[in-house]
Amino acid sequence: MRKKMVAGNWKMNLGMAEAKDLTENILKECRSLSQDQLVVFCVPYIHLHTVADVIAQANHKQVKLGAQNCHDKQSGAYTGEISAAMLKECGVSHVIIGHSERRQYFHESNEFLKAKTNTLIAQSMQVIFCCGEPLEIRNAGTQNEYVADQLKESLFHLSAADLQGHITIAYEPIWAIGTGVTATTEQAQEMHFFIRGLLRAQYGNDLADKILILYGGSCNAQNAQELFANPDVDGGLIGGAALKAETFLPVIQAMN
Ligand code: PEP
């Protein structure tokens, strides 16, 4: 049986006081998480210490601190960037890599994401690796090839041990992110099954059966339960619905 994970991606939202209140309010209600359920708060860099303190006070082993990006280099003249080692020092265990907004607005290539993945693994950190197709690719019916290329070019150089030990995949169809248009439960399951099949062909059954594949894209209190009930959907990467306790808590509870 695989674990379940719900990760909240706050993006560039919430002030310091709001970040603290939101995390406290969610953690108060999160006491009944089981050992095979994980909640990750992927917060803006500036809020990492605040949220780390709240998580530490709650002393909840099933709740982790995440970041939304990092640079691939260890240190140096990269103005405005943050390294994996710096994040680790702040208590970050999980880092989102390859979110479609990073790919689109910051022109991050599969090759660059491969380098970031290597850096995070070298720091013994966990990668939440995002993949997913734009609408025109979905309309053309070539989404499987598109997602396969993203995974092959950024991840398939890894050893089975590194992939299994450090990677969670998040399938996020771009046409569903922040649009209110969720993939149907069939579309989500179909793509997750396809991704697991790719992993099975490349790395074998053991790895394919263990790796977590999250769904992201307008996942919320209303649809999380149905999406997470799919055999190959192991939880969600949540944007808008992660910004309020009353909308994030039902998504967390949908892991049950
Ligand atoms: C995301 O940006 O990762 C995301 C899934 O956003 P939303 O839930 O708002 O669609």
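**Note on pockets, barrel and ring pairs**

1. The second largest pocket has a volume of about 280 Å³. Lining it are 16 residues, and Lys 3, Met 5, Gln 126, Thr 168 and Leu 212 are the closest to its centre. Helix 8 and strand 6 (167-171) are the elements that give two or more residues to this lining, and helix 8 gives the most, with three. A pocket is an open set of points on a 1 Å grid over the protein atoms alone, with protein on both sides within 12 Å along at least five of seven lines; lining residues have an atom within 4 Å of a point. A volume is the space filled by probe spheres set on the points, which are joined across faces, edges and corners.

2. The model is predicted: local features need pLDDT of at least 70 and side-chain atom pairs pLDDT 80 or more, while totals for chains, interfaces and linings use all residues. Residues are numbered from 1 along each chain as its sequence is written, and side-chain values use heavy atoms, without hydrogens and water.

3. By class, the lining of the second largest pocket has five nonpolar, seven polar and four charged residues (Asp, Glu, Lys and Arg are charged; Ala, Val, Leu, Ile, Met, Phe, Trp, Tyr, Cys and Pro nonpolar; the others, including Gly, polar). The largest pocket, of about 390 Å³, has eight nonpolar, four polar and three charged residues in its lining.

4. Of the 15 residues lining the largest pocket, Lys 11, Met 12, Gln 68, Arg 102 and Phe 106 lie nearest its centre. Helix 4 gives the most to this lining, with three residues.

5. Helix 4 (100-105) and strand 5 (126-131) each supply at least two residues.

6. Eight strands form a closed barrel in the order 1-2-3-4-5-6-7-8, with parallel pairing. The average twist from one strand to the next is 25°. Helices (H or I, at least four residues) and strands (E, at least two) are DSSP runs, numbered from the N terminus; strands pair if DSSP finds at least two bridges between them.

7. Strand 1 (residues 4-9) and strand 2 (residues 37-42) run parallel and are joined by six bridges. Contact means heavy atoms within 4.5 Å; angles run from 0 to 180 degrees between N-to-C directions of lines fitted to C-alpha atoms, for helices over the stretch in contact.

8. There are four aromatic pairs in the structure. One of them, Phe 156 with Tyr 203, is edge-to-face, at 5.6 Å centre to centre and 85° between the planes. Phe 156 is in the loop between helix 7 (143-155) and helix 8 (160-166), and Tyr 203 in helix 9 (residues 185-203), 47 residues apart. Rings of Phe, Tyr and Trp (its six-membered ring) pair if their centres lie within 6.5 Å; planes under 30 degrees apart are stacked, over 60 edge-to-face and the rest tilted.

Terms used. On a 1 Å grid over the protein atoms alone, a cavity is a set of points where a 1.4 Å probe fits but cannot get out, and a pocket is an open set with protein on both sides within 12 Å along at least five of seven lines; lining residues have an atom within 4 Å of a point.
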